Amino acid sequence: MKSILKELYIPVVAVLIAIIIGSIIMMVTGFNPVIAYISLFLGAFGNVNNIANTLAAAVPLILTGLGVAISFKAGLFNIGAEGQYWIGAIVGVWIGYSFTGLPWYIHIPFALVAAMIAGGLWAGLIPGLAKAYTGANEVITTMMMSYIAIYFSHFLLEFGPMMDKSGTIPQSPVINDSAVIPFLIRNTQLSYGIFIALVAAIFVYWLMFKTTWGFEMRAVGYNQKAARYAGMNVPLNMVLSLGLSGAFAGLAGAVQMLGVQHRLYDSFTSGYGYTAIVVALLANNNPIGVIFAAILFAALGTGSQYMQLNAQVPGQMADVITGLIVFFVAAYRIAEVIKDRLAKRQKKEVKA
Amino acid sequence: MKEIFLNPQLWAATLAMATPLALPALGGTFSERSGVVNIAMEGIMLIAAFFAVVFAHMTGSAWIGLSGAMIVGLIVALVFAWAAVSLTANQIILGMAINIFASGITAYLLNAMYGFTGTPVDTPMLPTVAIPGIKSIPFLGQILSGHSVIVYLMIIILFAADYFLFHTNLGLRLRSVGENPEAAETAGINVIKLRYLGVALSGILSAMGGAYLSIGALNSFNPDMTSGRGYIALAAMIFGKWTPFGSFGAALLFGFATALSMQLQNTAFSKNIIMMLPYILTILALVGVGGKSVPPAADGVPYTPKK
């Protein structure tokens with residue numbers, strides 16, 4: 001119990017500071033922060049439909065967040081979940097619309113597994129091998145692979161091979177009914193994909209903390225030299241952990257396609273890949289924590305739209321708060337510095 | 001195909017497109033040479049682009065807009081430096097935090113200050129410069145003359161940056177801090193101060209790059225108008241092997257890819273494939289095809305002074 005409180009201490013304080021700074025910004029720009037936060041909360045959790053939409057928005061964040069958390073645990077910085085998401089979405093949608101006559105219990109798993117493999121290869125093959133064998137920094141390579149994936153999707157959709165030939169809008173055809181993950185609550189975005197996300201979180205927890213492979217990945221992340229000394233294959237573990245990380249981001253893309261969008265739209269960013277980093281960070285890379293962190297950021301997202309409608313506060317306040325939360329989680333040592341300063345001052349006073 | 005390459009507009013656009021990449025890339029060179037990975041350049045560019053418009057419109061002077069943007073860029077960079085250098089927080093995560101914050105706060109303020117109509121249409125722009133002599137040379141004149149003043153400032157900064165880093169004592173010290181901070185400190189160099197300097201320079205130059213986008217090339221601000229240029233600049237710096245001229249060369253190459261893809265807008269050849277090139281080249285450079293790019297040894301590693 002004590003350790004849980006200790007783990008919660010940093011994120012909770014960071015969220016509180018971010019909310020306070022957000023209030024100040026709103027007051028300076030002429031808005032009432034109390035009304036804004038109330039409408040934000042109601043927008044996210046005010047009724048069953050809003051709760052469903054918040055949970056729906058959390059699904060891709062849980063899955064990409066799990067991916068990022070795996071890489072962080074293994075001491076690698078996969079910041080290209082965005083690209084792996086796109087690759088998973090492309091593969092998922094393609095299988096969804098081009099195969100006909102399959103029963104749903106084959107079509108859906110087929111699309112999901114293929115998307116996981118594609119996302120895994122996107123992260124594991126080039127960034128993973130490059131890191132393991134040439135030392136190329138995975139922060140940069142995964143980021144570059146993200147851009148390549150997004151331009152690849154533009155290429156496919158803008159008068160390319162995946163564009164829906166029946167119109168002039170750059171978007172893919174709609175997937176077949178047999179590939180659709182059904183909605184859980186009607187007139188909301190919530191599909192049975194939420195269960196895939198929850199099972200994935202439990203699976204990752206089991207994998208990372210209860211299996212030998214998970215132990216090896218964490219050992220490599222914790223101390224590469226010691227892991228090598230203990231006879232672990234460090235390069236292989238790097239490739240596999242980046243691959244596994246990409247696989248969950250890819251799964252996120254496919255679940256979003258099969259469960260919510262049903263077709264791929266041309267866009268510059270899904271936004272999930274970047275928020276995933278924030279989710280993993282706030283959860284301190286704990287797979288179960290990822291679920292709650294994802295719901296928090298999903299709530300900020302859905303709630304902010306409601307806030308814009310009802311309190312006229314620009315919805316981008318959600319990004320402002322998100323950025324501040326991450327900043328204060330990363331710079332958690334501010335607390336120590338302030339404590340030190342206070343202690344020094346007290347000492348001086350005692351001396352005086 | 002031939003007429004595209006003989007069109008001076010393509011080459012003029014290359015230089016224009018390279019400028020908002022070269023400025024942050026030069027800035028990133030200072031920061032990373034001192035040992036701090038600054039991916040917050042993207043966010044600093046965006047915030048600077050916004051405040052350039054705010055200050056320019058408020059005072060009616062684009063020059064005050066530029067100066068104000070550079071000061072705001074410096075302030076954000078110092079906040080980043082404080083957390084990254086003094087508090088030894090993770091530089092990548094801090095950078096992401098600032099980028100998310102920047103995207104949010106600029107769009108929020110745009111909405112809160114100017115409403116849904118966008119920034120005022122009477123925002124002044126920075127002047128363009130016609131270079132006497134060069135402007136009348138056929139072909140070359142059309143390429144080199146008539147750009148925004150920031151393009152020429154960038155060229156001057158490029159030479160100054162190279163001179164500073166490789167031909168001055170302070171530049172040598174800055175580089176030593178990024179290679180081996182322990183040894184540098186033993187030699188009596190203030191590691192912390194020099195890292196602040198590196199980050200501060202990257203903030204100011206990124207801000208110039210951002211201001212170029214909003215009041216140099218246009219006279220307005222749009223949400224997320226930097227569209228990843230801070231990250232591409234980071235790639236340019238790596239492709240340029242952490243040197244000013246290398247960064248500039250890479251920025252030109254990446255600028256060329258963008259300019260070419262714009263020219264190919266209406267042809268069968270996919271512009272999206274060309275847009276991938278900078279990213280593919282950067283990965284190849286990191287992996288070691290054609291001379292490996294090796295970062296400064298202590299790049300991205302926080303340093304705690306020994307007492």
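What share of the contacts in chain A between residues at least 6 apart in sequence join residues at least 24 apart? I looked this up and found 79%, counting two residues as in contact if their C-beta atoms, placed from the backbone, lie within 7 Å.

I note that this is a predicted model, in which local features need pLDDT of at least 70, side-chain atom pairs count only at pLDDT 80 or more, and totals for chains, interfaces and linings use all residues. Residues are numbered from 1 along each chain as its sequence is written, and chains are lettered from A and ligands numbered from 1 in the order in which they are written.

Chain A. I find 14 helices and 0 strands in chain A, taking helices (H or I, at least four residues) and strands (E, at least two) as DSSP runs numbered from the N terminus. Of its 352 residues, 55% count as buried, that is, with 20 or more other C-beta atoms, placed from the backbone, within 10 Å of their own.

Chain B. I find 13 helices and 2 strands here, and 55% of the 307 residues of chain B count as buried. The C-alpha atoms of chain B fill a box of roughly 60 × 50 × 40 Å along the principal axes.

Interface. I see 38 residues of chain A in contact with 35 residues of chain B. On the chain A side, α5 (104-134), α6 (138-157), α11 (272-282), α13 (317-330) and α14 (334-351) each supply at least two residues.

Conventions. Buried ≥ 20, exposed ≤ 12 C-beta atoms within 10 Å, placed from the backbone.
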